[in-house]
Every structure is written in C-alpha cells, then in structure tokens.
Amino acid sequence: WQRLGCGYGPCQLARASARVVGQLPLMPPRPIRVLNVAEKPSVAREITRHLGGAAAQNRSNQGQQVSEFPFTLRQTQCTMIVTAIRGHMLELEFATEYKTWKDHPPSSLFQAPVHKSTPPDSAMLERNLQQLARQCQWLVLWLDCDREGEAIAFEVLETCQRAVNGRLLVFRAVFSALTQADLMHACANLRQPDRRLADAVEARQEIDLRA
C-alpha cells in the first residue's frame with residue numbers, strides 16, 4: 001500500500017469507504033403501482049369509492065376513466081390505478097383465407113386455423129390497458145367471478161403482459177358483492193387466475209364458431 005503512494009493500509013481504506021457510503025443519501029424504494037381492471041365502469045367506480053374514498057383522483061386516458069389512490073395491498077404501500085373494460089376484449093375468428101366461410105365445405109371448417117384478435121370497438125380499451133400496464137408492476141383482475149369472467153380476465157392479462165414482456169405480477173380478486181367489506185376481503189385474499197375455467201369458455205367459443 002505504501003508503494004501505491006496512498007499512505008493507508010487496507011483496513012483504514014475500508015473504514016474510510018464505509019464512512020463515505022454511510023454519508024450518501026439512500027435512494028427510496030421504487031413505489032409499487034398496481035393496475036386494477038374491472039369488467040365494467042360501474043364496478044371500477046365502486047372499487048374506487050370503497051377502497052380509495054376521498055383520496056381518489058380521477059382522470060381520463062385514451063377516453064377511459066382512470067382513478068388513482070394510495071392503498072396498502074399485501075402489506076405493501078402502493079398506488080392503486082383503477083380502470084375498466086366492457087366485457088370481452090378479444091374475439092375468435094377464422095384465418096384470413098377462411099373469412100368467407102360459406103365458400104368452403106363445412107367439414108373443412110373443423111380443421112381451419114383460428115386466432116384471437118382485438119375488434120375495432122375494443123382498440124381504445126386495449127391502448128388504455130397497455131399504457132397503464134407500462135406504468136405498473138402488479139396487475140389485479142376484478143372480473144366477474146364465473147367462468148366467463150375468468151376467460152375475460154385472461155384476455156386482460158394477455159393484453160397487459162404483451163405490453164410489458166410479461167413482467168407484471170398478476171393476482172385475481174374474488175368477490176361476490178360490491179360492498180366495502182367484500183372488496184376489502186378480496187384484497188386480503190388475492191389468488192391466481194384459473195386457466196382451466198378460461199379454457200372451458202374458449203373451447204365453447206371455438207365450437208360455436210366452427211359449428
């Protein structure tokens with residue numbers, strides 16, 4: 001250490017470094033922002049009213065109502081972002097070459113490729129979700145608690161995750177009434193969305209389309 005010309009031994013340098021680091025201001029942890037998506041605007045309003053109260057602030061994004069308020073979720077201080085869709089966001093359809101399905105033998109439709117796409121009337125809803133998803137770390141799905149609602153939950157999940165390369169931490173809220181007690185209970189008992197219920201709905205949709 002003397003040859004280096006600093007005049008300090010390794011222990012002295014370590015203590016000096018510790019003092020300097022101790023004087024540096026600690027960066028505050030990045031606040032968690034939680035995107036909450038309801039199946040309809042009326043549900044989003046009740047979530048905001050019961051969980052946010054007077055602290056909630058409202059704004060518009062892509063022509064959709066968005067509310068924001070502080071909250072404690074999973075023992076974590078966070079900012080809740082609440083918005084809504086209007087039922088199914090995606091529709092199942094045949095590939096382009098089968099668009100005019102009457103031009104094909106009925107038997108061929110059972111083997112024809114199908115895919116999901118966003119209909120034009122859902123384009124602004126999609127943009128709203130994707131813009132908000134980019135600002136958030138968590139996603140809570142407040143869709144109706146039945147098989148159809150679970151299928152819509154996965155449509156929302158896929159739309160949001162596609163915008164952020166799958167980095168959102170996702171939860172499903174389970175509730176049976178729009179009361180403060182029920183919504184608080186849902187927040188305290190978040191679970192994972194159920195892929196099996198969504199698959200059952202998608203199977204029915206595909207059968208309806210092909211038949």
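Q: What makes a residue count as buried?
A: Buried means a relative accessible area under 20%. In this predicted model, buried residues make up 43% of the 211 residues in the protein.

Q: Why is Glu150 called buried?
A: Glu150 has 1% relative accessibility. The cut-off is under 20%. Therefore Glu150 counts as buried. Glu150 is found in helix α4, residues 147–163.

Q: Which residues is Glu150 in contact with, leaving aside its neighbours within four places in sequence?
A: They are Asp144, Arg172, Arg191, Pro193, Asp194, Leu197 and Ala198. Contact here means heavy atoms within 4.5 Å.

Q: What makes Glu68 and Arg33 a salt bridge?
A: Their side chains meet at 3.6 Å, N to O. The definition asks for a side-chain nitrogen of Lys or Arg within 4 Å of a carboxyl oxygen of Asp or Glu. The value 3.6 Å meets that limit, so the pair is a salt bridge.

Q: Where in the chain do Glu68 and Arg33 lie?
A: Glu68 is in strand β3 and Arg33 in strand β1. They are 35 residues apart, and the pair links distant parts of the chain. Arg33 and Glu68 also belong to a network of salt bridges with Arg59.

Q: Is Glu68 buried, exposed or partly exposed, and why?
A: Its relative accessible area is 22%. Buried needs under 20% and exposed needs over 50%. Glu68 falls in between, so it is partly exposed.

Q: How do you know that Lys40 forms a salt bridge with Asp144?
A: The closest N and O atoms are 3.6 Å apart. The limit is 4 Å, so the pair qualifies. Lys40 lies in the loop between β1 and α2, and Asp144 in the loop between β7 and α4, so the pair ties together parts that are 104 residues apart in sequence.

Q: Why are Lys40 and Asp144 called partly exposed?
A: Lys40 has 33% relative accessibility. Asp144 has 26%.

Q: What makes Arg195 and Glu158 a salt bridge?
A: Their closest N and O atoms are 3.4 Å apart. That is within 4 Å, so the pair qualifies. Arg195 is in helix α6, residues 195–210, and Glu158 is in helix α4. They are 37 residues apart.

Q: How many salt bridges does the structure hold?
A: It holds nine.

Q: How do you know that β1 and β4 pair?
A: Pairing needs at least two bridges between the strands. Strand β1 (residues 32–38) and strand β4 (residues 76–84) have seven, so they pair. The sense is parallel. Ala38 has Ala84 as its bridge partner in β4.

Q: What makes β2 and β3 a pair?
A: Five bridges join them, and at least two are needed, so they count as paired. They run antiparallel. Ser60 stands opposite Gln65 in β3. Two residues lie between the strands of this hairpin, where Gln62 takes a positive phi near 55 degrees.

Q: Why is the pairing of the sheet called mixed?
A: Six strands form an open sheet in the order β2-β3-β4-β1-β7-β8. In this sheet β1 and β4 pair in the parallel sense, while β2 and β3 run antiparallel. The pairing is mixed.

Q: What makes β2 and β8 edge strands?
A: Each pairs on one side only. Strand β2 spans 57–61 and strand β8 spans 169–172.

Technical notes
Residues are numbered from 1 along each chain as its sequence is written. This is a predicted model: local features need pLDDT of at least 70, side-chain atom pairs count only at pLDDT 80 or more; totals for chains, interfaces and linings use all residues. Side-chain values use heavy atoms; hydrogens and water are left out. Buried means under 20% relative accessible area, exposed over 50%, partly exposed in between (1.4 Å probe, protein chains only). Helices (H or I, at least four residues) and strands (E, at least two) are DSSP runs, numbered from the N terminus.
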